[in-house]
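Dear colleague,

Please find below the structure that I am handing over to you. My notes on it come directly after.

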Amino acid sequence: MAARAPASGSGRLLEGLRKWYYNAAGFNKLGLMRDDTIYENDDVKVALKRLPENLYNERLFRIKRALDLSMRQQILPEEQWVKYEEDKKYLEPYLKEVVRERLEREEWDKK
């Protein structure tokens with residue numbers, strides 16, 4: 001039987017792959033976070049309405065700045081790029097709650 005790699009080694013490899021993919025995607029070079037790029041379906045729209053005002057305004061600023069940079073075919077200086085470690089999933093808790101409520105509502109409607 002083949003020997004397995006230690007868990008910490010494969011964990012570091014996976015983390016390195018995540019960081020590489022995050023940087024290769026390019027949205028961080030425009031100052032966007034991962035949650036800024038989520039497709040806005042009905043669940044996401046409801047979750048966005050539940051965001052605190054300061055988070056919502058920060059999101060709008062990042063998106064407007066990214067659109068402006070994109071139209072001018074520019075990127076931010078490297079020191080302003082969003083780093084993998086700094087990217088927080090600010091929308092995820094609200095989105096999980098909205099999806100859970102929708103599934104609960106659908107289950108209730110079946111009865």
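Predicted model: local features only at pLDDT ≥ 70, side-chain atom pairs only at ≥ 80, totals over all residues.

Asparagine 28

Asparagine 28 is located in the loop that connects helix 1 (7–25) with helix 2 (42–50). Its relative accessibility is 0%, and asparagine 28 is therefore classed as buried, the cut-off for that class being under 20%. The side chain of asparagine 28 forms a polar contact, at 3.0 Å, with the side chain of asparagine 23. When residues up to four places away in sequence are not counted, asparagine 28 touches Asn23 together with Tyr22, Trp81 and Val82.

Arginine 59

Arginine 59 belongs to helix 3 (residues 53–71). With a relative accessibility of 2%, arginine 59 also counts as buried, because the value falls under 20%. Setting aside neighbours within four places in sequence, arginine 59 has contacts with Asp35, Asp36 and Glu40, as well as with Leu48, Tyr90 and Leu91.

The largest pocket

The largest pocket holds about 210 Å³ of space. Its lining consists of Arg18, Tyr21, Tyr22, Ala25, Phe27, Arg34, Tyr84, Asp87 and Lys89. By class, 5 of the lining residues are nonpolar and 4 are charged, while no polar residue is present.

With kind regards

Technical notes
Residues numbered from 1 in each chain as written. Heavy atoms only, no water. 1 Å grid on protein atoms, 1.4 Å probe; cavity = no way out; pocket = protein on both sides within 12 Å on 5 of 7 lines; lining within 4 Å. Points joined across faces, edges and corners; volume = space filled by probe spheres on them. Nonpolar A, V, L, I, M, F, W, Y, C, P; charged D, E, K, R; others polar. Helix = DSSP H or I, 4+ residues; strand = E, 2+ residues; numbered from the N terminus. Buried < 20%, exposed > 50% of the residue type's maximum accessible area, 1.4 Å probe, protein only. Polar contact = N/O pair within 3.5 Å; in protein donor to acceptor, adjacent residues only side chain to side chain. Contact = heavy atoms within 4.5 Å.
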